[in-house]
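Open the model in your viewer and keep the selection tool at hand. The stops below go from a sheet to the helices.

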Amino acid sequence: MEIDLILNELSLQNPAYDQQTAREWMSNFIKTVKAVKSQGVKVYLRTQYDFYKTILAHEYPLRSWLNDQEVAKEEQIFIKTLATGSPFSTNIINSEIQDIENNQGLSEFYYQGIVAVGLGIAYLLDILGINTLAISFISDECWNLSNLEINYLEYTENGEEDRKILEIRHASCNIHVQDHTEWIQGQIQASITDGEDIWDRKEELFPNLEFCDHVSKQLKNIQCRQLELAPVYKTLIELQKCCQNWKSGGFSVTGYSLDESGESEPTLNKYGQERLFTCPDDEERLFERHIKLRFCNWRIHFFPLQPGKIIIGYIGRHLPTVNYRT
């Protein structure tokens, strides 16, 4: 699934005071975009003008930032590979959006009395059914909000004015993105059709998780609207978040909505063989750690390989133990 990030041009109407501030703005902007991507979606940045011509500070356009020796190469590469398009209406055939871009429409959008093209486009794309999130550089405290109110003004055919106050989703830092997690995950989940869809999109949805080959069949057997579909998806998403934040030390699910257990020694002695799975590197490992899925008798067995990498070895019904043979 893709989310269109609509750049709020008003957040750049006043360039930074100096280059160091501009660098900080860019670093924060990148963290915000990455926070969206970490939700398991692709992103496409829509801008009013060529993004690379953005003026960050006096005599310091984005193109200069891309060659700045004081900027981390990782950040520069990220921006160079970020999918962008201008004007806002690129690849969208909609006369109302194009009219607003060209200041020819019968409707206008304002933020605190200033014409807000990007924020208005974000609203219009959203009502057209396109997943959108307005995004700003945190150049002013007024952009430090996860939702923004804008004024809508439309002129009717009779010349009358129709005024409304609209609220749009917005982000200028990763904390704001977290405020939209429920919406983002809801959109993703709504686009998931069955277990085969999860398998086909696993690299996109779970970049920090690896899957044993036999898990393919286990996932593909999950049918559309099957009771276990949503719990499996939600658990994998939560494991992805947990793994992504695992930087060092032992792996722990503390602080995440995951119900983890290990196997008892008697169970491993009797049924350990049923928890041995061949991994993508052809090495056989014991997958005794597992997550209990809520509302169903299923388990997801996993193996923490190293910080930032977990292997999924089994998805399905509760494996047999000394107390339960199911």
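The tour below says what to select and what is there.

This is a predicted model, in which local features need pLDDT of at least 70, side-chain atom pairs count only at pLDDT 80 or more, and totals for chains, interfaces and linings use all residues. Residues are numbered from 1 along each chain as its sequence is written, and side-chain values use heavy atoms, with hydrogens and water left out.

**The sheet.** Helices (H or I, at least four residues) and strands (E, at least two) are DSSP runs, numbered from the N terminus. Select the open, mixed sheet of five strands, ordered β11-β17-β16-β15-β12. β11 (209–211) and β12 (260–261) are its edges, each with a single partner strand, so one side of each has no neighbour in the sheet. Strands pair if DSSP finds at least two bridges between them; β11 and β17 (residues 309–317) are parallel over three bridges. Show Glu210, which stands opposite Ile311 in β17.

**Across the sheet.** Next select α11 (residues 229–244), which lies across β11, β15 (290–292), β16 (298–306) and β17.

**Helix α3.** Finally, select residues 73–81. Which residues of α3 are buried? They are Glu75, Gln76, Phe78 and Ile79 (buried means under 20% relative accessible area, exposed over 50%, partly exposed in between, with a 1.4 Å probe and protein chains only). On the other side of α3, Lys73, Glu74, Ile77, Lys80 and Thr81 are exposed.

Notes. Contact = heavy atoms within 4.5 Å. Axes fitted to C-alpha atoms, helices over the stretch in contact; angles between N-to-C directions.
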